[in-house]
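Here is a short briefing to read alongside the model. Take a look at the structure first, and then we can walk through it together.

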Amino acid sequence: MITAIVLVLYVSALLIDSLTVRKQMKLIREKVVYYVMMLISFALLILNSRYVSIPSPAQGIIKVLDALFHINP
């Protein structure tokens, strides 16, 4: 049931966004980034609705920030 709700909400959001955002995006690169991010978030929500455990990206983000800025928490 949760999967159906997620699917309906994403399809409606995609339809509404495609009507408004597509006109504002001039570069094809912007469209690719936008739709790839929508696809990734959709896949994560579908996995979450199917009760698949998804690891937190917090440790990866901390390692990237530490490598870039040498921040020690």
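Let's begin with H3: its 12 residues should span 16 Å at 1.5 Å a residue, and its end C-alpha atoms are 16 Å apart, which agrees. The expected span used here is 1.5 Å times one less than the number of residues in the helix. Please keep in mind that this is a predicted model, where local features need pLDDT of at least 70, side-chain atom pairs count only at pLDDT 80 or more, and totals for chains, interfaces and linings use all residues. Residues are numbered from 1 along each chain as its sequence is written, and side-chain values use heavy atoms, with hydrogens and water left out.

**Confidence**
- The protein chain has a mean pLDDT of 85, and 96% of its residues reach 70 or more; pLDDT is the predictor's confidence in each residue, from 0 to 100.
- Among the chain's elements, H2 has the highest mean pLDDT (88), while helix H1 (residues 2-24) has the lowest (85).

**Helices and what follows them**
- Helices (H or I, at least four residues) are DSSP runs, numbered from the N terminus.
- H2 has 22 residues and reaches 31 Å from its first C-alpha to its last, close to the 32 Å expected at 1.5 Å a residue.

**Residues in H2**
- Ser-49 lies in helix H2 and counts as buried because its relative accessibility is 8%; buried means under 20% relative accessible area, exposed over 50%, and partly exposed in between (1.4 Å probe, protein chains only).
- The side chains of Ser-49 and Thr-3 are joined by a polar contact of 3.1 Å, that is, a pair of N or O atoms within 3.5 Å, one able to donate a hydrogen and the other to accept it; residues adjacent in sequence count only if both atoms are side-chain atoms.
- Phe-42 is also in helix H2 and is partly exposed, with a relative accessible area of 24%.
- The C-alpha atoms of Phe-42 and Leu-7 are separated by 8.4 Å, although the two are 35 residues apart along the chain.

**Loop and H3**
- Ile-54 sits in the loop between helix H2 (28-49) and helix H3 (58-69), and at 37% relative accessibility it counts as partly exposed.
- Ala-67 belongs to helix H3 and counts as exposed, at 53% relative accessibility.
- Between the C-alpha atoms of Ala-67 and Ile-16, 51 residues apart along the chain, the separation is 39 Å.

Methods: Helices (H or I, at least four residues) and strands (E, at least two) are DSSP runs, numbered from the N terminus.
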